[in-house]
Amino acid sequence: MQRRLSIVGAIGASVALTLTMAAGSASAKPLPSGKAVPLGQGYAGVGYIQDMKDFKPEKGEVKTGSATEGVLGPNLMAYPAGVDVSHYQGSINWSSVKGAGIQFAWIKATESTNYKDPQFNANYLNAYNAKVIRGAYHFAQPGSSSGAAQADYFASNGGAWSRDNLTLPGMLDLEGTCSGLSQGSMQSWILSFYNEYKARTGRDMVIYTSPSWWSSCTGGWSGMSSRSPLWVAHWTTASSPTVPSGFPFWTIWQYTDAGSVSGISGAVDRDRFNGDSSRLLALANNTA
């Protein structure tokens, strides 16, 4: 079944956006199951539905496949627009993505200590050549190995950083189940990942999560609020996202899983950066 809604948004050169839910294409992604995500199948948003299942503040607000660019309002429309991608988007024309007004992207690189996304190398290089400010992300598998081991693998397989106007710090994707870890153990796992990543790259990592996952799996821990910019997953038609307890504000907002951008086949996650283009560049270059 395919539902299609076309709107016109004022991003860059007034690009027409088509919001699509598709099955059977290169961009078709597995649905969350409530179980641990099998190795290699993780992506930013795979666990979102399961994450919010028992989280009352978000109940009734999830808008899978329906949140649109047009509902963000004039202030957020002026903020830099971004996407996050993995091999589920197939081959991407990054020049077209740039031309559609996309200023930044995070690209899936790794999982655990033995999986690298097969499209990462092409995406990372081609986004750079198209002058899209891009970063890599690691889909966390806390039940399989230590945070430090996974951070080390990530840093060696796409998560490195350089001050070149086009490279964002790496992102740690935390969602889905709690991997059998207690809240205290999860806090320790995240801190272990952070410490190793910073030792390897000199950068604070970005944390991607939903309010529900952070509440359930870390207890609303505030221990990362001064260390890591927050990328919040909240698919909603509201004008702003719910911020997880333990963080003072959001830096990136993934507001839908069903956007459409020229150069990307099928549905793609859409994001906004909480600041202007100069602040985005400052995050990339560590000059904030």
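**Start with confidence**

Color the chain by pLDDT, the predictor's confidence in each residue, from 0 to 100: the protein chain averages 85, and 79% of the residues score at least 70. This is a predicted model, where local features need pLDDT of at least 70 and side-chain atom pairs count only at pLDDT 80 or more, while totals for chains, interfaces and linings use all residues. Residues are numbered from 1 along each chain as its sequence is written, and side-chain values use heavy atoms, with hydrogens and water left out.

Now select residues 1–27, where pLDDT stays under 50. The model has 61 contacts (heavy atoms within 4.5 Å) for them beyond four places in sequence. Residues 55–71 are also below 50.

**Next stop: H5**

Select helix H5, residues 147–156. Helices here are DSSP runs (H or I, at least four residues) and strands are E runs of at least two, numbered from the N terminus. Which residues of H5 are buried? Gly147, Gln150, Ala151, Tyr153, Phe154 and Ala155 are, buried being under 20% relative accessible area with a 1.4 Å probe, protein chains only. Their cover includes strands S4 (102–111) and S6 (133–139), along with H6. After H5, click glycine 158: its phi is positive, near 125°.

**Last stop: H6 and H7**

Show H6 (183–201) and H7 (211–218) together: their axes, lines fitted to C-alpha atoms over the stretch in contact, come within 7 Å and cross at roughly 115°. The two are therefore roughly perpendicular (65 to 115 degrees, on a scale from 0 to 180 between N-to-C directions). Zoom in on Met186 and Ile190, among the H6 residues that meet H7 residues including Trp213 and Trp214.

Definitions and conventions. Parallel < 35°, antiparallel > 145°, perpendicular 65-115°, else oblique. Buried < 20%, exposed > 50% of the residue type's maximum accessible area, 1.4 Å probe, protein only.
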